[in-house]
Amino acid sequence: MLEGFHEHLVVERVREIRRRMPRVGGKKLYHMLRDDLQRMHAKTLGRDKFFDLLRRNGLLVRSRKKYVATTNSQHRFYVYDNLLTDLVINRVNQVFVADITYMRLPESFCYLALVTDVRSRSIVGYDLSMSLSIDGSLRAWR
């Protein structure tokens, strides 16, 4: 028993919800159960105690890996030196960096080229194209 309510009532309610939504996380569960907890006079059950309760009863859901590794740093291509190591960047539009990332579409990929101001971290140019050719990066720069 935890400060004014029966732990097993909360655990049973969590299991009911998990039967319908097996992957629902602890934060969402806590918000879904907030009204139920008040009806059970469990006002002292805060978020941290709720997570402890889930942990003790084996009800925490492990998060899934949310990214795909796309960078291969062990390539055979030349890696350029960083020419900016001694440069003090103290104003906007002094240094720009560029990068390309891909976006998965249902049956292919598209490529987003970005040019970013180092000082303000704002995107100053972009281009979305269907190929990884240099044309997209040049359009982002222009």
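**Exercise 1. State which residues line the largest pocket and which strand gives the most to that lining.**

Solution. The model is predicted; local features need pLDDT of at least 70, side-chain atom pairs count only at pLDDT 80 or more, and totals for chains, interfaces and linings use all residues. Residues are numbered from 1 along each chain as its sequence is written, and side-chain values use heavy atoms, without hydrogens and water.

Step 1. A pocket is an open set of points on a 1 Å grid over the protein atoms alone, where a 1.4 Å probe fits, with protein on both sides within 12 Å along at least five of seven lines; lining residues have an atom within 4 Å of a point.

Step 2. The lining consists of Thr70, Thr71, Ala98, Asp99, Ile100, Thr101, Tyr102, Tyr111 and Leu132.

Step 3. Strand β1 (residues 96-104) gives the most, with 5 residues; strands are DSSP runs (E, at least two) and helices are such runs (H or I, at least four residues), numbered from the N terminus.

**Exercise 2. Determine where the partners of the salt bridge between aspartate 127 and arginine 139 lie, and whether each is buried or partly exposed.**

Solution. Step 1. The two side chains meet at 3.0 Å, N to O; a salt bridge requires a side-chain nitrogen of Lys or Arg within 4 Å of a carboxyl oxygen of Asp or Glu.

Step 2. The pair links distant parts of the chain, with aspartate 127 in strand β3 (residues 123-129) and arginine 139 in helix α4 (residues 134-141), 12 residues apart.

Step 3. Aspartate 127 is buried because its relative accessibility is 12%, whereas arginine 139, at 41%, is partly exposed. Buried means under 20% relative accessible area, exposed over 50%, and partly exposed in between (1.4 Å probe, protein chains only).
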